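User: I would like to learn how to read helix packing and sheet layout from a model. Please take me through the case shown here.

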Amino acid sequence: MPDFRVPVLLNRLFGLLLICVWSGAAVAAPLRIAVAANFAPTLEKLAAHYATLGGVSPELVRGSSGKLYAQIRQGAPFDMFFSADIARPKALEDNGFVIDGSRQDYARGRLVLWPVNKDGQRELTAFSYSRFAIANPRLAPYGRAAQDVLRHFKLEKAAAKRLVVGENIAQAYQFVHSKNADAGLLARAQMPPSSTDYWLIPDVWHRPIRQQRVVLTRCDDIEAARAFLAFLQTDVAKQIIRNDGYQLPTREGAE
């Protein structure tokens with residue numbers, strides 16, 4: 001099987017070479033990428049920029065990491081999987097669904113309380129909300145992180161009957177945005193760039209939201225996958241990821 005463990009510089013050169021080739025060739029079928037709901041808007045931006053360089057914009061299928069993982073286990077025809085955690089990519093790798101060397105960190109998420117009036121920590125501690133939104137902890141890594149924060153503040157009992165639980169972080173955001181919840185623990189990436197009415201949760205209060213991606217063994221176009229991943233290593237792609245509120249991986253590789 002192809003080995004994806006190649007130096008970043010070579011990845012860049014290889015990807016740019018393929019883009020040049022594609023610009024004069026017949027249009028290839030798009031990659032089908034399963035992407036966690038929190039990262040889908042960012043991946044849309046990345047895909048759009050990739051298309052301007054001559055690459056074929058991938059087809060994105062959005063959902064909670066848990067549901068996408070289950071679909072992959074059941075044979076869904078995806079080429080790649082961008083999860084919001086590390087557990088599910090590792091489980092897929094352990095069970096033979098992943099091409100060797102392709103499991104890598106691609107971003108680190110941050111959790112926010114939104115909206116806040118003045119003092120986010122004080123407002124969360126008081127927990128005077130009638131309805132409070134989080135993503136489903138069983139399906140969504142951001143939901144597990146939210147659960148950690150509630151536990152840190154000893155709010156499990158106070159929150160139990162007031163929680164509005166979204167299937168994924170995108171649905172949790174919609175609950176707050178549509179006023180069906182007073183506030184929620186959401187993804188920093190969901191906040192508009194000009195927004196100031198949120199509180200960034202210190203990441204020592206919850207398990208790290210390390211997000212990993214894999215190339216699946218059923219991928220029909222390994223070279224296209226290599227080229228797209230090479231593009232994600234470019235400075236412009238990294239800046240798009242940063243601009244959307246993510247931290248970049250602190251090290252290469254996966255655990």
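**Helix packing and sheet layout**

Analyst: Helices α2 and α9 are roughly perpendicular to each other (angles of 65 to 115 degrees count as such). The model is predicted, so local features need pLDDT of at least 70 and side-chain atom pairs pLDDT 80 or more, while totals for chains, interfaces and linings use all residues. Residues are numbered from 1 along each chain as its sequence is written, and side-chain values use heavy atoms, without hydrogens and water.

User: At what angle do α2 and α9 pack, and how far apart are their axes?

Analyst: Two packed helices are described by the angle between their axes and the distance between the axes. Here α2 (residues 40-52) and α9 (residues 222-232) pack at about 105°, with axes 11 Å apart.

User: Which residues of α2 and α9 meet?

Analyst: In contact (heavy atoms within 4.5 Å) are L43, L46, A47, H49 and Y50 of α2 with A224, A227, F228, F231 and L232 of α9. Nine of the residues in this contact are nonpolar, one is polar and none is charged.

User: In what order do the strands of the open sheet run?

Analyst: Strands of a sheet pair through backbone hydrogen bonds, either parallel or antiparallel. This open sheet of five strands has the order β2-β1-β3-β10-β4, with mixed pairing (at least two DSSP bridges between two strands). Its edge strands are β2 (59-63) and β4 (104-109). Strand β1 (residues 32-36) runs parallel to β2, joined by five bridges, and I33 stands opposite L60 in β2.

Technical notes: Axes are lines fitted to C-alpha atoms, for helices over the stretch in contact, and angles run from 0 to 180 degrees between N-to-C directions. Helices (H or I, at least four residues) and strands (E, at least two) are DSSP runs, numbered from the N terminus. Angles under 35 degrees count as roughly parallel, over 145 as roughly antiparallel, 65 to 115 as roughly perpendicular and the rest as oblique. Ala, Val, Leu, Ile, Met, Phe, Trp, Tyr, Cys and Pro count as nonpolar, Asp, Glu, Lys and Arg as charged, and the others, Gly among them, as polar.
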